[in-house]
Amino acid sequence: MEIENKILLVLDLDETLIHATERKLEIDFDFQYADYFVYRRPHLKWFLESMSANFKLAIWSSADDKYVEEIVEKIKPENIDFEFIWGKTRCTTKRDYQLDEYVHEKRLKKVKKKGFSIERILMIDDSPEKTKDNYGNAVYVTAFEGNRTDSELKILAEYLNSIKNSSNVRSFEKRGWKNKKTA
């Protein structure tokens, strides 16, 4: 059975929704997790709440599962329910010879097995190497590293709202999305 209606936004965590660092920045951090100082991306609460009106939401990070669950618990608005919250154990580890490192890839066939249509899933991530096999399903954002004047989520929300009624997110080009008002 496929879960249709709303498009599913699969949101990355680190450098997409938050910035966590062991080195404190020159600005006040939002909270601490273990040895990390965590900074919420500006407009995060607003973004999650407004996107939940038109989209289904999920979190998928390549970070440790426990870390992901605990960070999401701290940033999640009360009225938001995620379809799933996944960490590294749901990723596929693959050797990337160009980067000369192991990459934890997020493969959409795992989301499809949960009943979501591949044509109705958008991955929002700052790391193309983690979603490169999901051609047509990814929107890449600029990495967030604590800049308090960052407006990426506001711009992203405008773009996502312009494509919310698309029957197939794979059918149009998403590169250069910041310059597009409608799909």
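## Helices across the sheet

Helix α1 (residues 44–54) lies across β1 (7–11) and β5 (55–60), and runs at about 130° to β5. Helices (H or I, at least four residues) and strands (E, at least two) are DSSP runs numbered from the N terminus. The angle is taken between N-to-C directions, from 0 to 180 degrees, with axes as lines fitted to C-alpha atoms, for helices over the stretch in contact; contact means heavy atoms within 4.5 Å. Helix α5 lies across β1, β5, β9 and β10, running at about 170° to β9.

A word on the source: this is a predicted model, where local features need pLDDT of at least 70 and side-chain atom pairs count only at pLDDT 80 or more, while totals for chains, interfaces and linings use all residues. Residues are numbered from 1 along each chain as its sequence is written, and side-chain values use heavy atoms, with hydrogens and water left out.

## The sheet itself

Strands of a sheet pair through backbone hydrogen bonds, either parallel or antiparallel. Here, 5 strands make an open sheet in the order β6-β5-β1-β9-β10, with parallel pairing; two strands count as paired if DSSP finds at least two bridges between them. The edges are β6 (85–86) and β10 (138–140), each pairing on one side only.

Over at the β10 edge, strand β9 (residues 121–125) runs parallel to β10 and is joined to it by 3 bridges. I124 stands opposite V139 in β10.

## Aromatic pairs

Rings of Phe, Tyr and Trp (its six-membered ring) pair if their centres lie within 6.5 Å; planes under 30 degrees apart count as stacked, over 60 as edge-to-face and the rest as tilted. By this rule there are 6 aromatic pairs. One of them is Y33 with Y67, edge-to-face at 5.3 Å centre to centre and 75° between the planes. This pair links distant parts of the chain, 34 residues apart: Y33 is in strand β3 (residues 31–33) and Y67 in helix α2 (residues 65–75). Y33 is buried (under 20% relative accessible area, with a 1.4 Å probe and protein chains only), at 14%, and Y67 is buried at 9%. Ring pairs also bring in Y36, making a cluster of Y33, Y36 and Y67.

Y159 and W177 form a tilted pair, 5.7 Å centre to centre with 45° between the planes. Y159 lies in helix α5 (residues 152–163) and W177 in the segment after α5, so the pair ties together parts 18 residues apart in sequence. Both residues, Y159 and W177, are buried.

How values were computed: Buried < 20%, exposed > 50% of the residue type's maximum accessible area, 1.4 Å probe, protein only.
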